[in-house]
Amino acid sequence: ILVIKEVEYCIKNLNKWTKPQKAKVPWQLLPASAKIYPEPLGVVLIIGSWNYPFQLVITPLIGAIAAGNCTIIKPSELAPHTSSVISKLIAKYFQPEYITVIEGGVETSQKLLSEKFDHIFFTGGTAVAKIIMEAAAKHLTPVTLELGGKNPCIVDTDIHITHTARRITWGKFINAGQTCLAPDYLLVHTNIKKNLISAIQKCIQEFYGNNPAI
């Protein structure tokens, strides 16, 4: 659904985005006039993640297409079936010199990063992001990094214990817990700590049974 919404949003706004925009001219240059013309950056590298292996590759691809760029996609090797589907779909509908998929592991990513791109988009963790930024800096390549963070839940006493426990449990375990927005830790008032932990334990059992690991 999110991918479809992204396509619809781009189609709706594409004419406005690509339309030349009037720009102010310093008085020293009057009576001149000026416009800003949007232009493609060139070749974009998209390195996808494994927790949402389709969405987090196709969504930035839609933006790259809307901006008129050529794209190389490197799906996550940790989601091989999705990677294969993406590769087949792209090869079926796009010319390889326009959009292409390169599958492989860490060595493949390293070889790609040794090349010069006009923009790099990466979704993942901070450790790999540092490597990507270092590689991009050698060519002064701009990067877009969508990285996971530490997400606290602050729980005060003025709450509904059951509702809070259910929401925290749902947020933590959505997509098997592999979501950048999943709560990582709780900051809880000591007066309700024991009751909240008990309520969360009950929710986990209710949602996932006696053995949540399965």
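The following legends describe views of a predicted model of the protein.

**View 1. Overall fold and dimensions of the predicted model.** Seven helices and nine strands make up the secondary structure of the protein. The radius of gyration is 23 Å, whereas the globule rule gives 17 Å for 214 residues; the protein is therefore more spread out than a compact globule. The C-alpha trace spans about 70 × 50 × 35 Å along its principal axes.

**View 2. Burial and contacts within the protein.** Buried residues account for 29% of the 214 residues of the protein. When contacts between residues at least 6 apart in sequence are considered, 65% of them join residues at least 24 apart.

View 3. The protein has an accessible surface of about 14500 Å². Carbon and sulfur atoms contribute 60% of this accessible surface.

**View 4. Strand β3, residues 43-47.** This strand is mostly covered, with four of its five residues buried. In a regular strand, side chains alternate between the two faces of the sheet.

**View 5. Pairing of strands β3 and β4.** Strand β4 comprises residues 70-74 and pairs with β3 in the parallel sense. Five bridges connect the two strands. At the level of individual residues, V44 has T71 of β4 as its bridge partner.

Key
Residues numbered from 1 in each chain as written. Predicted model: local features only at pLDDT ≥ 70, side-chain atom pairs only at ≥ 80, totals over all residues. Heavy atoms only, no water. Rg over C-alpha atoms; globule rule 2.2 N^0.38 Å. Buried < 20%, exposed > 50% of the residue type's maximum accessible area, 1.4 Å probe, protein only. Contact = heavy atoms within 4.5 Å. Areas by Shrake-Rupley, 256 points an atom, 1.4 Å probe, with all protein chains shown as cover. Pairing = 2+ DSSP bridges.
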